[in-house]
Amino acid sequence: MKFGVVGAGRIGTIHGGNIAARKDCELVSVADADAGAARALADATGATTASVDQIMESKDVDAVAICSPTDTHADLIERAARAGKAIFCEKPIALDVGRIRNCLEVVRSTGATLMIGFNRRFDPNFAALRKRVAEGAIGRLEIVSITSRDPGPPPISYIARSGGLFRDMMIHDFDMARFILGEEPVAVSAMGSAVVDGAIGEAGDIDTAVVIMETKSGKVAQISNSRRATYGYDQRVEAHGESGMIHVGNVRETTVELGGAQGFTRDKSLNFFLDRYDAAYKIELDAFVAAVKSGAKPRPDGDDGLKANILADAAYQSWKTKQRVAIE
Ligand SMILES: NC(=O)c1ccc[n+]([C@@H]2O[C@H](COP(=O)([O-])OP(=O)(O)OC[C@H]3O[C@@H](n4cnc5c(N)ncnc54)[C@H](O)[C@@H]3O)[C@@H](O)[C@H]2O)c1
């Protein structure tokens, strides 16, 4: 499969490198608003630089990986769909649910293949947890607890364009909650504040939040987010059921443990998503390539993207109004 990558920043560099490293794929071209960023990824992978128009029009490009900022995704998905490309797009599809619905209508009418980059589904540990829950290892699932804390806040310039904590950061956790619950949440309650960095509060956002959700059958999920964790990237999931509990802990830099008179010390968690989810990004790409080759519908798809955004909107509304929000 021949790929074009749009957006050669943090995540575009990861996906571009992974595509180029595969025997069954080729990274043909890279587009970025910053010519230097496009050049750096193209040089590192043997690709050429191109404009977005050239990628969309090229007969030599089968699939497009959209890795540019969130506010460009919906337009680029539509363009790629109309151009007959298979599409891998980073989360979220857009910040506005109405815009997402319009975009998905174009995807549907063109018959395009679309996969959304909820990479955590492909993390081997989280995937194993979900598989065991689905196999009944803990009986009937009752509580899902997700802890997701970044090592430190992003620049204020990123916050301003991000859509806020619920739509930018917790969006991954909403998808994970749906993935593990196997059922749609029907109510959301959120609390949050800016206690890590006052500038985030001044920008109208929060950096600390807890959300609880429940499903029609009574399962409960809780999500804890912070833009700061002094001990590294904090990514843990626990599923509790009628006959047991499954826990996935943090992945540390090494497994070394030092014992002394003061007790035991271990390494910090892997620092951030590029390291923590290195394997997940590769497995995610495996899934996209396999789906495109076989003609199967990849997951997570546009509908998964839409539903995560609906939960994020409900959480935002709950936080703003201090009310529990029902999801239709
Ligand atoms: N799934 C994940 O783990 C994950 C991790 C990080 C980011 N993301 C998502 O990926 C997207 C990009 O995030 P990032 O952290 O890589 O950002 P980034 O700022 O590091 O990179 C974005 C790149 O896109 C370029 N760009 C901006 N406008 C463009 C346009 N119109 N056309 C082409 N290129 C353009 C920028 O010059 C920059 O090089 C965001 O939507 C973010 O939510 C997902």
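## Ground rules

The model is predicted, so local features need pLDDT of at least 70, side-chain atom pairs count only at pLDDT 80 or more, and totals for chains, interfaces and linings use all residues. Residues are numbered from 1 along each chain as its sequence is written, and side-chain values use heavy atoms, with hydrogens and water left out.

## Two domains

The domain assignment gives domain 1 (2–112) and domain 2 (121–276 + 300–326). Such bounds come from an automatic or database domain assignment. The C-alpha centres of the two domains lie 27 Å apart.

The domains also touch. Contact means heavy atoms within 4.5 Å. By that rule, 14 residues of domain 1 are in contact with 18 residues of domain 2.

## The parallel sheet

Some terms come first. Helices (H or I, at least four residues) and strands (E, at least two) are DSSP runs, numbered from the N terminus. Two strands pair if DSSP finds at least two bridges between them. Six strands form an open sheet with parallel pairing, in the order S3-S2-S1-S4-S5-S6. Its edge strands are S3 (48–49) and S6 (114–116), and each pairs on one side only.

Look at one pair inside this sheet. Strand S4 (residues 63–66) runs parallel to strand S5 (residues 86–89), and four bridges link them. Val64 has Ile87 in S5 as its bridge partner.

Helices pack here too. Their angles run from 0 to 180 degrees between N-to-C directions, with axes fitted to C-alpha atoms, for helices over the stretch in contact. Helix H2 (residues 35–45) touches S1 (2–6), S2 (26–31) and S3, and its direction makes about 165° with that of S2. Helix H12 (residues 278–294) lies across S1, S4, S5 and S6. H12 runs at about 160° to S5.

## The mixed sheet

An open sheet of seven strands has mixed pairing. Its order is S12-S11-S7-S10-S9-S8-S15. Why does one side of S12 and of S15 lack a neighbour in the sheet? Strand S12 (244–248) and S15 stand at the edges with a single partner strand each, so one side of each is left without a neighbour.

S12 pairs with strand S11 (residues 234–241) in the antiparallel sense, over five bridges. Gly241 stands opposite Gly244 in S12. Helix H9 (residues 170–181) packs on the sheet and touches S7 (141–149), S8 (185–193), S9 (208–215), S10 (220–226) and S11. The direction of H9 makes about 160° with that of S7.

## A hairpin

Strands S13 (residues 257–260) and S14 (residues 263–266) pair in the antiparallel sense over four bridges. A hairpin joins S13 to S14 through two residues. Gly260 has Gly263 as its bridge partner in S14.

## The largest pocket

Rolling a probe the size of a water molecule over the atoms shows where empty space is left. On a 1 Å grid over the protein atoms alone, with a 1.4 Å probe, a pocket is an open set of points with protein on both sides within 12 Å along at least five of seven lines; lining residues have an atom within 4 Å of a point. A volume is the space filled by probe spheres set on the points, which are joined across faces, edges and corners. About 1,000 Å³ of space lies in the largest pocket. Of its 40 lining residues, Arg10, Ile11, Pro69, Tyr158 and Asp168 are the closest to its centre.

Which domains supply the lining of the largest pocket? Domain 1 and domain 2 each give at least three residues. Helices H1 (10–21), H4 (73–82) and H7 (156–162) each supply at least two. H7 provides the largest share, four residues.

## The second largest pocket

About 280 Å³ of space lies in the second largest pocket. Its lining has 17 residues, and the closest to its centre are Lys307, Ile310, Leu311, Ile327 and Glu328. H13 gives the most to this lining, with eight residues.

The peptide bond from Lys91 to Pro92 is cis, with omega near -20°. Pro92 lies in the loop between S5 and H5. The bond from Arg299 to Pro300 is also cis, with omega near -5°. Pro300 is in the loop between H12 and H13.

Lys322 sits in the loop between H13 and S15. Its phi is near 60°, a positive value in a residue other than glycine.
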